[in-house]
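Subject: Structure handover and notes

Dear colleague,

Please find the structure below, followed by my notes on what was found in it.

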Amino acid sequence: MNQFANISLEEREALFTSFTARYEAFKQQKLSLDMSRGKPCSEQLDLSNELFFPLTKEAYFDGNTDLRNYGGLDGLPDMKRWFAELLQVATNEVIVGGNSSLNMMYDTISRAMLFGVCGSDRPWGKLPRIAFICPSPGYDRHFAICETLGIEMIPVDINQDGPDMDRVEELVRQDDAIKGIWCVPKYSNPEGITYSDKVVHRLATMTTKANDFRIFWDNAYIIHHLTDTPDQLQDILSACKSSGNPDRVFMYCSTSKITFPGAGVAAMAASLTNINHMKKQMAAQTIGPDKINQLRHLQFLQNTEKTMQLMQRHAAILRPKFEKTLTIFDAELGGLDIATWSKPNGGYFISLHTLDGCADRVVALAAEAGVILTKAGATFPYGKDPRDRNIRIAPSFPTIQELELAITIVCLCIKIATIEKLNNMNAKTARQ
């Protein structure tokens, strides 16, 4: 039982009066604090300003190939090697694209709708029904792809070690309309969890009724550590190969939060069979990606050691913001039993859970006080959180001072929304 429910009505009313007075004072400040997306701050973007340095004429040539010209459908060989090392795959199992891994995911599914994937009997778009499993809370833009393309979404709970695999295995074993599952396997959005070896193994080995089922493995935060003891994630492609399902997984990542989100480099990896199949389809779509941008990134990032040094500098900027957020949650909400929150080891988000039925009200109250949060429900398919309790907190973009103010206001809004809910419950009970 939460602490507000254990006190007398008079005490609760006194607290509510005090909270609303503080809230009104914040509203009078006419604040404008946007925490709706997990964007790097300006200090993080400054870490990659060397990308603007000019290239020499000699750098444009790879052997006899002029990189300023057409060609290179699947990316520069050295860029493929850079991503291959990051993803623990072979170089020929990588396709390098433009700046957005989300774009590559959308294109992959769009092609599957038009042509199917390896092993498809028909294009997915010609089937009477297509569904994806959506571990929730999850990434809202994954869900937007499904909703845009008319793909049914089946929410599945996400636990501390990954999706509820008992439920996932039950669903894919029985329903051949289920063609995919979305996964953010490391420092997941928004829960911040990393899939256990057992979960990775079960995803790779599970029996699926659809012979063209695919895992969409969005490893967006693969090296986005906040501590010196990063989470470890098992290699999914090797697990699929060793279990006899080599074509099951499509992997994605990018430099979006390593360098510039708007001008980075993205890649996907898969079995050679999948890669060759997609390259044939892509040949009609593009002559090649931006190789000059890839070249700039290669000269800047160079190798794994240099890249990890850059990521340590990112962490030095991000870590205090996460620590500040968690410290305020502990100070303002700790022991009240009215909210819980994740304590991630990396990534860009903290997942905040209010009491059932309070999240939408908290987000609305915060907005009135000038703090813009991700819409309540956005982390669930169709934007509907069945318990109305999850809020995605994105600490990266504001300054420490702005963040401290914003999180303090969020905590105050949680207290107000909780007391309102308790009062409504008491009024309803009284009427009965």
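In which sense, parallel or antiparallel, do strand 5 and strand 6 pair, and over how many bridges? Strand 5 (residues 131-136) and strand 6 (residues 152-159) pair in the parallel sense, over six bridges, where two strands count as paired if DSSP finds at least two bridges between them. Helices (H or I, at least four residues) and strands (E, at least two) are DSSP runs, numbered from the N terminus.

Before going further, please keep in mind that this is a predicted model, in which local features need pLDDT of at least 70 and side-chain atom pairs count only at pLDDT 80 or more, while totals for chains, interfaces and linings use all residues. Residues are numbered from 1 along each chain as its sequence is written, and side-chain values use heavy atoms, with hydrogens and water left out.

Overall form

The secondary structure of the protein comes to 14 helices and 15 strands. Its radius of gyration, taken over C-alpha atoms, is 24 Å, close to the 22 Å that the globule rule (2.2 Å times the number of residues to the power 0.38) gives for 432 residues, so the protein is as compact as a globular protein of that length. Along the principal axes, the C-alpha atoms fill a box of roughly 80 × 55 × 35 Å.

Three strands form an open sheet in the order 12-13-15, with antiparallel pairing. Strand 12 (339-341) and strand 15 (390-393) are at the edges with a single partner strand each, so one side of each is left without a neighbour in the sheet. Strand 13 (residues 350-354) pairs with strand 15 over four bridges, and Ser 351 has Arg 392 in strand 15 as its bridge partner. Helix 13 (residues 359-368) packs on the sheet, touching strand 13 and strand 15, and its direction makes about 45° with that of strand 15.

Cavities

The structure holds four cavities of 30 Å³ or more. On a 1 Å grid over the protein atoms alone, a cavity is a set of points where a 1.4 Å probe fits but cannot get out, and lining residues have an atom within 4 Å of a point; grid points are joined across faces, edges and corners, and a volume is the space filled by probe spheres set on the points.

The largest cavity has a volume of about 90 Å³ and is lined by 13 residues, of which Pro 135, Gly 138, Trp 182, Val 184 and Tyr 195 lie nearest its centre. Helix 6 (140-149) and strand 8 (178-183) each supply at least two residues of this lining.

The second largest cavity has a volume of about 50 Å³, and its lining residues include Thr 108, Arg 111, Phe 250 and His 277. Helix 10 gives the most to this lining, with four residues.

Backbone points to check

Two peptide bonds are cis, each with omega near 5°: the one from Ser 136 to Pro 137 and the one from Asn 189 to Pro 190. Pro 137 is in the loop between strand 5 and helix 6, whereas Pro 190 lies in the loop between strand 8 and helix 8. Gln 88, in the loop between helix 4 (77-87) and strand 4, has a positive phi of about 60° although it is not a glycine.

With best wishes

Note on methods:
Contact = heavy atoms within 4.5 Å. Axes fitted to C-alpha atoms, helices over the stretch in contact; angles between N-to-C directions. 1 Å grid on protein atoms, 1.4 Å probe; cavity = no way out; pocket = protein on both sides within 12 Å on 5 of 7 lines; lining within 4 Å.
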